[in-house]
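These are my notebook entries on one model, written while I looked up its parts in turn.

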Amino acid sequence: MATLGTTEAVLFLLVLGGLLAGLGSIVLSTLRTGISPMPTSPRVRREVLGLVPSDTRGVVLELGAGWGTLAFALADHCPQAQVVAYELSPLPAGFCALRQRLAPRPNLRVAREDFFRASFAGASAVVCYLYPGAMAKLGPKLLAELPAGARVVSHTFALHGWRPVHTHRLDDLYRTPLYVYEVPASAPRAGGE
Ligand SMILES: C[S@@+](CC[C@H](N)C(=O)[O-])C[C@H]1O[C@@H](n2cnc3c(N)ncnc32)[C@H](O)[C@@H]1O
């Protein structure tokens with residue numbers, strides 16, 4: 001029976017250690033943020049893009065970029081916009097940074113930051129795929145900081161207390177709902193009256 005040589009054994013342990021460290025980092029980040037970096041499926045991504053006008057200008061925020069599934073597609077879909085994609089989990093954020101280095105999108109910035117600490121002021125659109133707890137916290141921040149008319153597209157989870165201008169339900173396995181909101185003119189603004 002063949003046995004592992006010292007070099008192979010060291011390589012094996014390094015690879016195993018790397019995999020375990022990566023997995024541990026994802027588990028810890030999931031516990032911290034409340035959601036894993038589960039990517040949007042290609043089918044849902046196509047539908048989400050259809051809800052963001054391709055001539056959108058200004059800043060488009062992607063809240064929780066994961067592996068960049070939506071962020072890179074958004075940058076391609078909205079060439080006149082600047083996409084800022086926030087991701088807190090180190091491994092997916094590093095993967096997005098590597099992707100941006102290998103296949104750069106000039107109108108995309110990947111920020112390894114907590115989007116709850118970022119300013120949304122002046123953004124023209126927001127796209128997210130999060131979870132109910134984050135949506136509950138996000139609603140008041142979006143109302144306070146986004147300009148009137150800004151578009152919010154949420155994959156699966158609704159904004160509590162907001163009335164969508166459009167709800168789109170896919171005929172996929174999960175009957176995935178997509179919610180489209182527009183920030184009303186009467187919303188209280190940060191720094192306003
Ligand atoms: C379900 S994944 C969505 C990934 C990607 N948007 C997509 O649709 O393929 C949600 C991501 O949000 C990230 N996230 C959750 N809360 C965050 C926060 N406060 N700041 C930055 N990223 C956050 C998680 O780490 C996770 O990768």
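Predicted model: local features only at pLDDT ≥ 70, side-chain atom pairs only at ≥ 80, totals over all residues.

**Helix H1.** I checked the length of H1 against expectation. The end C-alpha atoms of H1 are 40 Å apart, which agrees with the 40 Å that its 28 residues should span at 1.5 Å a residue. I next looked up how well H1 is covered: hardly, since one of its 28 residues is buried. Just after H1, I noted that Gly34 takes a positive phi of about 95°.

**Whole chain.** I listed five helices and seven strands in the protein chain. Read along the sequence, they follow the pattern α-α-β-α-β-α-β-β-α-β-β-β. The C-alpha trace spans about 75 × 35 × 30 Å along its principal axes. Of the 193 residues, 30% count as buried.

**Nonpolar core.** The largest nonpolar core has 41 residues. I looked up which of them have the most contacts inside this core, and they are Val60, Ala71, Leu74, Val83, Ala85, Val126 and Val127. Helix H3 gives the largest share of this core, six residues. Val60 is then in contact with Leu74, Cys78, Ala81, Val83, Ala123, Ser124, Ala125 and Val127.

**Cys78.** As Cys78 is among the contacts of Val60, I looked it up next. Cys78 lies in the loop between H3 and strand E2 (81-86). Is Cys78 buried or exposed? I count Cys78 as buried because 22 other C-beta atoms lie within 10 Å, where 20 or more are required. Not counting residues up to four places away in sequence, Cys78 touches Val52, Ser54, Thr56, Val60 and Val83. For a distance across the chain, I took Cys78 and Asp171, which are 93 residues apart along the chain and have C-alpha atoms separated by 26 Å.

**Helix H5.** Helix H5 (residues 132-145) has 14 residues. From its first C-alpha to its last, H5 reaches 20 Å, close to the 20 Å expected at 1.5 Å a residue. I looked for a bend and found a kink of about 35° at Leu138, shortly before the proline Pro140. Leu138 is also buried, as are Leu142 and Glu145 in H5. I then asked what the buried residues of H5 pack against, and the answer is strand E4 (123-128) and strand E5 (151-155).

**Pro106.** I located Pro106 in the loop between helix H4 (90-102) and strand E3 (108-111). Pro106 is exposed, with 8 other C-beta atoms within 10 Å. Pro106 and Asp76 are 30 residues apart in sequence, yet their C-alpha atoms are 9.7 Å apart in space.

Most residues other than glycine have a negative phi. I therefore looked for exceptions to this rule. Thr156 is one of them, with phi near 75°. Thr156 lies in the loop between E5 and strand E6 (166-169) and is partly exposed, with 17 other C-beta atoms within 10 Å. Arg175 also has a positive phi, of about 50°, although it is not a glycine. Arg175 lies in the loop between E6 and strand E7 (177-182), and I count Arg175 as exposed because it has 8 C-beta neighbours inside 10 Å.

**Pro177.** I found Pro177 in strand E7. With 15 C-beta neighbours inside 10 Å, Pro177 counts as partly exposed. The C-alpha atoms of Pro177 and Gln82 are separated by 26 Å, and the two residues are 95 apart along the chain.

Conventions
Residues numbered from 1 in each chain as written. Helix = DSSP H or I, 4+ residues; strand = E, 2+ residues; numbered from the N terminus. Expected span 1.5 Å × (residues − 1). Bend = angle between axes of the 7 residues up to and from the residue. Buried ≥ 20, exposed ≤ 12 C-beta atoms within 10 Å, placed from the backbone. Contact = placed C-beta atoms within 7 Å. Core = buried A, V, L, I, M, F, W, Y, C linked by C-beta atoms within 7 Å.
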